[in-house]
Amino acid sequence: MKVIYRFVFMAFCLVLGASCSAYLEEEPKDRMDEGTAYATLSDLQRNGVLSLYNYVGGYADSQGLQGTGRGVYDLNTFTTDEAMMPTRGGDWYDGGFWQGLYLHRWGVNNEAIYATWEYLYRTVILCNSSLERIQAFSVAHPTEEVAPLQAEVRALRAMFYYYIMDLFGEVPLIENSNPKPEEIVQEKRSKIFSFIVKELTESAPFLSEERSNQPGLYYGRMTRPVVWFLLAKLALNAEVYADDDWTDGIRPDGKSLVFEVDGRSLNSWQAVCHYCDKITAAGYKLEEDYTANFAVFNESSKENIFVIPMSKTLYTNQFIYLFRSRHYNHAKAYGLGGENGASATQEVLETFGYGTPQVDARFDVCYFAGPVKDLAGRPIMLDDEVIPLVYEPWKVALDVSGQPWEKTAGARMKKYEVDPTALKDGKLLDNDIVLFRYADVLLMQSEAKVRNGENGDAELNQVRRRVGMEERTATLDNLLKERMMELAWEGWRRQDMIRFGVFTQAYSCRTPLAGEENGYTTVFPIPEKVVDMNPQLRQHKGY
Amino acid sequence: MNEMQPVFRAFCRMLFWGCLGGVSLQAQAQNESELPPDSIYTIGYARGILKNISGSVEQITEKQMNRELITNPLEAIQGRVSGLTILKSNNGMAALESVRLRGTTSLTSGNDPLIIVDGVLGDLTMLASVYPTDIESFTILKDASETAQYGSRGASGVINIVTKKGRAGKTRVNYNGSFGVSYAYRRLNMLSGTEYRRLAAERGWSILDKGYDTDFQKTIEQTGLQQNHNIAFYGGGDASNYRVSLGFQNREGVIQHEGMKLFTANMNMSQKMLDGLIDCELGLFGSMKRDRTLFDLQKTFYSAAAFNPTFPDFPNPATGGWNQITTASQITNPLAWMDVDNREETSYFSAHARLTFHLLKDLKLVLFGSYTYSTMENAQFLPTTVWGNGQAYRGSRKGEAMLGNAMLTYQKRLGTHFLDVLALGEVEKDRFQGFYTTTTGFSSNELGYHSLQAGALRPWEGTGSYYEEPHLVSFLGRVNYTYNDRYVLTANLRTDASSKFGRKHKWGVFPSVSAAWNVTQERFMRCFRWIDNLKLRAGYGLAGNQGGIDSYTTMALVRPNGVAPVGNSPVVTYESLKNLNPNLKWEVKSTFNAGVDMAFYGNRILLSVNYYRSKTRDMLYQYDVSVPPFAYNKLLANLGSMRNSGTELSIGLTPLRTKDMELNINANVTFQRNKLLSLSGMYEGEHISAAQYTALAGLNGAGLHGGYNNIVYQIVGQPLGVFYLPHCEGLVSDGNGGYTYQIADLNGGGVNLEDGEDRYVAGQATPKTLLGSNISFRYKRFDVSLQINGAFGHKIYNGTALTYMNMNSLPDYNVLSEAPAQNIRDLTATDYWLENGDYVNFDYLTVGWNIPLRKQRFLHGARLALTVNNLGTISGYSGLTPLINSTLVDGTFGVDDKRTYPLSRTYIVSLSLNF
């Protein structure tokens, strides 16, 4: 009997234990198991590759390469002589954030810098996870199936590393999804640079040659021309990127830096030209009308190379730059919202020749200045419906509080065509955001030629002729000015100023910081919180 | 001290002579008839008599509850229980924002105590379904030795509510009703239209002058009427009894459209079956609550205070719409904002049954099962006048909880030995699911949220749904042993298993032990006849916590992360969206507590002192982690530890007690301390640490986006929630007649406002001392009761003043009327506006009259009372009120930032009748 009791008892315990452990397992219904999400090739492509493109644009602060605030774009724009966010009484002081950017007083705990770092590295780690999943998938599947996926993710990751390296210099190089703390160590900037070049060069052959800016299978994706553009950018900035100590005043010489390109050894400037030629050969050209690139329906542009696809009904990406620049009544006249912020600096006005008979044709296309009209052509009035809204470009200053022009100082962002059907105060619109375009290719090529001791007039003047401006000689000085005009509001200014060595110099409303002349502010600090949490990281010199 | 002694002696003498006897065992002075010395206490699952209890158990019966002006049941014990903090949502609606017993001990949201109504386990939302006058008693368990019975769910204390049951005897009917009026009596003193106009003329500003003089703060107010009714029928015989009650509350807030309607029903029935072998109890309670509340308090009150006062308080006759000021982009016409419709409907239903089998004389088997179903529906409409394109939102959330337990109890007295043993097994299954949709692009505001099709677009991120089904399994063993009524020992062992944790960490074991010594029972105590009760207690126990964490953190899962274009069609893609932590486990809190209960002079002086010290380990929290190595910057993990300690002192005095008169003074004081010990620990074999400074609360508004506007922080080595601010040395001239804050260079090398630079810890947001006091006086049939609460030792950041004193915000945003004189032109957050938060608040005053009834045939009792609520506050704080959120760790913690309601007062007449 006792045996039977014991047996019954044991059976009872077993049943209880088994049912308990099953009872304590969760069965998710509103989310999917990872195994299912990457099971087939098309699953892998969708969730392992296309999923990553959700991080190119964004709708929250510091997320996305462009379109949102306090992220990559703002760090590249409001730190330069291209744009500022004047404090306007109660508006735009924001704890000194914007003034801090302009004056290069951003500090090591700047939340926007920290959030930008997190955004970029998060995307890199997600790319790493995708590569690991593709790797796992490739074990049982033919290489030719997975190679294009692998190449696309590697190229995408390289692009994010390019932004990380450009902003932060000497950073950790993470190539897996679950790095050990001891792997979080900084690599020399030149090493990160070579890694990016290698990754892009190796993945290019597996990528499609299709246009990425036009709807189709490769819309918004990494294709070969996008990679060439990046390689040209990398080569153009090679003197900066290959410089492991940017505070010693010595840069490597672009003529002696060697790029292995399609079996040839080229110096930096030759490499730029090589990649630019490839893009030209692929059929990219200037649009006759400059504004066509920024139209509501700019998908058919022959000039745009890489864009963030925008659709107010289909995608979540936002574009807040028009919203935050336009005066309230200006935006209201379009049926949209405005925050009355971002303005052009005095350098912009001078460079464009604003107020002179020789004003560059692109000024009126890129900026609102003086009186403004609504879509029906009527003058826009202020709240009292008596005084017209008149922007006063020359009154721009870091703080215009209490001035009669507090709300109207500064020329505002125009550039992108007004989409009157835009949603969310005008932040959700249909104009694709232009990241890379062919005019930049020409300007890069012109600059590379000049730097290599050749004549770059043809490329420069191709860009100028398109907007009906008289020809100029391609000198470095003219090129820097041309880039400010042609690429206004496109997020290139910080990189350009650093390459031309003027980022740390004085410009309007800004005197250099003490000690800045050594160039320490040409990279942002590693966020202090990241340094604290990763004891092997070292803060950059000067911070 | 010497001068004090005669006074003290006189006081004692007075007490002594006033002594006429009476029995009470709690620190709340009370009437003997209400609480016989051996009254039965419900201590979690166990039931016992006071002398067999070895932990701190406070029971509050109807007699001691706050009677008037109660919306939520817990208000009935506010100020009556030491260590209990209740944060009401300040609109006077039924919802409670948070409740803390002995402070915040966890960083996750599992800080609210477990609420039990007649054995049904629930959370704060369940409270709204119980009508306050249906409550018979509250039992509050704070010591780990007692809360350990509930394992993981009891970690933050337990509030056990028992509703009234039917009684054998005649059938009875009770009615309670009240009618009240509330109105706002004080608001911010902003520039009036005339002053605003004069100032603009003086300073030469061009302003938008519409020619009126409107106090928009007043225009959005209303007089709130309220009525409450509750009727209960009860009765029964020897074998069965029943009680049914119905309740209705209708309240209007002091701001336009604010209101709440609540309907409750409660039914209890019990029956003896099979010759007393089985006791059967059945209970049902349900409620339906409809709220219309303000959407975005800050936007509402910021707009009301700062909107241009020269604008009219009526819509533009030409357009029929409200005039807006486009340059004041962070606010809106407050009257237009009143058109925002924000509603919530909560319904709650709970059924439970308990079968008690009297197997042997001392052995009982209790089977209990409950099912609870709740839904919450939200609807919101933001018209095109205040929100570009308009926006409508509808959401529905549903929760179900099924709980069943089986319990065996054995109680035996053998001579001087008393043994009480309990064994319990319990399973719980919850199910939470819901969905929501947002639409925008409205061509008309007519239909609001009633027609979602009226919006042209449904943005992808505006729609969602979820499903969770966590399970819990528990076993409990409890032994309570008493020797000779003097020495009490209690031991609990509870194990819990939760489906939310990692495979190897599901089970948690939480033991506890406590002991007590009834000193009064000792022979040597006979010499001290004036001591009625002296009991020493001590205990130690562990408790687990899993509150507030989501399901599925331990599993590798993916969710939709967005829409990517493929060809011309949008395709939804999937991504993990959060860091995975397969090793998630229980958070464990260990508590030591000791206490002494004393009663002197015929229970005319009652004193109870409790000390506790707890340490929370493996603290569950969304830690800020570094990217890289992690992909996302938050990780739900068990790192870090926190310490809480405190002393609770309760005093009950009855200095006067005669046939006609009685004076009772009750006070409880709580001294609480909290320290965040660490935010680092081991994760997957690696030591990781979270960020040193984590901002918890900051400022918002025009010119306050981002930047250095964080005010309250979580810093290791400090109490949870400290003000970490730059130091202002005073105001300095800006050279143009204005003044700015002079910021001290604390660490040398120039002023830098970043974390870790020129900032210092300037105080804490949580009070160090809490006071609750009730003074009641009865003369014949009249009684008066005054409730006083207080909090000390904390600070408040006056972000409202920082914003409204900044002259730079004129003329777009109005300022305080004293701002022009000070002429500050600066919006930098420094300690200049950090103020002392100490206050004493006179919560309410009630005057009651028990109506004499001479031999009425039907009516047995009647009472009429008048209550004035929110009498006033004594405080040095310069803002509207120091009664802001100083409890709940969220974005408003310790910061008064343009979202405070106007001060309001409520007058209530109430009537209760017993038939």
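The buried residues of α11(A) are Ser268(A), Trp269(A), Gln270(A), Ala271(A), Val272(A), Cys273(A), His274(A), Tyr275(A), Cys276(A), Lys278(A) and Ile279(A). That makes eleven buried out of 14, so the helix is largely enclosed by the rest of the structure. Keep in mind that this is a predicted model.

**Helix α11 of chain A**
- α11(A) runs over residues 268-281 and spans 20 Å from its first C-alpha to its last, close to the 20 Å expected at 1.5 Å a residue.
- Its buried residues pack against the helices α9 (224-236), α10 (238-241) and α16 (438-451) of chain A, and against β3 and β4 of chain A too.
- After α11(A) comes Gly283(A), which has a positive phi near 100°.

**The β3–β4 hairpin of chain A**
- β3(A) (residues 258-261) pairs with β4(A) (residues 264-267) in the antiparallel sense, over four bridges.
- Within that pairing, Glu260(A) has Ser265(A) in β4(A) as its bridge partner.
- Two residues sit between the strands of this hairpin, and Asp262(A) in the turn shows a positive phi of about 45°.
- Both strands also turn up among the elements that the buried residues of α11(A) pack against.

**Where chain A meets chain B**
- Chain A puts 75 residues into the contact and chain B puts in 73 residues.
- On the chain A side, the elements giving two or more residues are α1 (2-23), β1 (32-33), α2 (34-37), α3 (41-49), α6 (111-138), α13 (328-333) and α20 (528-533).
- α6(A) gives the most to that side, with seven residues.
- By residue class, the chain A side divides into 32 nonpolar, 18 polar and 25 charged.

**A five-stranded sheet in chain B**
- Five strands of chain B make an open sheet with mixed pairing, in the order β3-β8-β9-β6-β7.
- β3 (57-61) and β7 (120-122) of chain B are the edge strands; each has a single partner strand, so one side of each is left without a neighbour in the sheet.
- On average, neighbouring strands of this sheet are turned by 20° against each other, direction ignored.
- For β3(B), the pairing with β8(B) (residues 135-141) is antiparallel and runs over five bridges.
- Ile60(B) finds its bridge partner in β8(B) at Phe138(B).

**Cis peptide bonds in chain B**
- Pro628(B) and Pro629(B) are joined by a cis peptide bond, with omega about 5°.
- Pro629(B) sits in the loop between β29 (620-624) and β30 (634-638) of chain B.
- The bond from Leu810(B) to Pro811(B) is cis too, with omega near 0°.
- Pro811(B) falls in the loop between α8 (799-804) and α9 (819-822) of chain B.

**Positive phi away from glycine**
- Trp489(A) isn't a glycine, yet its phi is positive at about 65°.
- You'll find Trp489(A) in the loop between α18 (476-486) and α19 (493-499) of chain A.
- Trp489(A) counts as buried, because 25 other C-beta atoms lie within 10 Å.
- Asp618(B) isn't a glycine either, and has a positive phi of about 50°.
- Asp618(B) is in the loop between β28 (605-617) and β29 of chain B.
- Asp618(B) is buried as well, with 20 other C-beta atoms within 10 Å.

Note on methods:
Residues numbered from 1 in each chain as written. Chains lettered and ligands numbered in written order. Predicted model: local features only at pLDDT ≥ 70, side-chain atom pairs only at ≥ 80, totals over all residues. Pairing = 2+ DSSP bridges. Axes fitted to C-alpha atoms, helices over the stretch in contact; angles between N-to-C directions. Contact = placed C-beta atoms within 7 Å. Nonpolar A, V, L, I, M, F, W, Y, C, P; charged D, E, K, R; others polar. Expected span 1.5 Å × (residues − 1). Buried ≥ 20, exposed ≤ 12 C-beta atoms within 10 Å, placed from the backbone.
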